[in-house]
Amino acid sequence: MDEDVAELAKKRAADLGLSIGDYLARLVQDDASGLRARAVDAAARFLAEHQAVFDEAEQAQQTPRGARAA
């Protein structure tokens, strides 16, 4: 990490009353939580857009064998 960034991190940690380690841990947790939330949102959008395909596949599995034969 370059010296300017390290100094900014130290100052920000001090402003928050945290050790540099605790400050960095908080940043990592916040970043990871944000990634998780974006992944969940993307999955929800995918499911919403393709719900009909999933419904059709589920319905086909529930149809008894031979029920479609005429």
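## A charged patch at the start of the chain

A surface patch here is built from residues with over 30% relative accessible area and no salt bridge, and like charges are joined within 9 Å. With that in hand, let us look at this predicted model. Asp-2, Glu-3, Asp-4 and Glu-7 gather on the surface as a patch of negative charge.

Glu-3 belongs to helix α1, which covers residues 3–16, and its relative accessibility of 71% is why Glu-3 counts as exposed. Glu-7 is found in helix α1 as well. For Glu-7 the relative accessible area is 38%, so this residue is partly exposed.

## A nonpolar patch

The surface also carries a nonpolar patch, formed by Met-1, Val-5, Ile-20, Leu-24 and Leu-27. Which helix gives the nonpolar patch its largest share? That is helix α2 (residues 20–49), with three residues.

## The aromatic pair

How many aromatic pairs does a search of the whole structure find? It turns up one. The partners are Phe-46 and Phe-54, whose ring centres are 6.3 Å apart and whose planes meet at 70°, so the pair is edge-to-face. The cut-off behind that label is an angle over 60 degrees between the planes.

## Buried and exposed along the helices

Now back to helix α1, where Ala-9 has its place. Ala-9 counts as buried because its relative accessibility is 9%, and the limit for that class is under 20%. Between the C-alpha atoms of Ala-9 and Arg-36 there are 24 Å in space, with 27 residues separating them in sequence.

Helix α2 holds Val-40. This valine has a relative accessible area of 52%, so Val-40 is exposed; the class begins over 50%. From Val-40 to Leu-8 the C-alpha separation is 32 Å, and the two are 32 residues apart in sequence.

Where does His-50 lie? You will find His-50 in the loop between α2 and α3, the latter spanning residues 51–62. With a relative accessible area of 31%, His-50 is partly exposed.

His-50 and Ala-6 are 46 Å apart in space and 44 residues apart in sequence.

Key:
Residues are numbered from 1 along each chain as its sequence is written. This is a predicted model: local features need pLDDT of at least 70, side-chain atom pairs count only at pLDDT 80 or more; totals for chains, interfaces and linings use all residues. Side-chain values use heavy atoms; hydrogens and water are left out. Patches are made of residues with over 30% relative accessible area and no salt bridge: like charges are joined within 9 Å, nonpolar side chains (Val, Leu, Ile, Met, Phe, Trp, Tyr) within 5 Å. Accessible areas come from the Shrake-Rupley method with a 1.4 Å probe; for residues, only the protein chains shown count as cover. A salt bridge is a side-chain nitrogen of Lys or Arg within 4 Å of a carboxyl oxygen of Asp or Glu. Lys and Arg count as positive and Asp and Glu as negative; His and the chain ends are not counted. The place of a charge is taken as NZ of Lys, CZ of Arg, CG of Asp or CD of Glu. Helices (H or I, at least four residues) and strands (E, at least two) are DSSP runs, numbered from the N terminus. Buried means under 20% relative accessible area, exposed over 50%, partly exposed in between (1.4 Å probe, protein chains only). Rings of Phe, Tyr and Trp (its six-membered ring) pair if their centres lie within 6.5 Å; planes under 30 degrees apart count as stacked, over 60 as edge-to-face and the rest as tilted.
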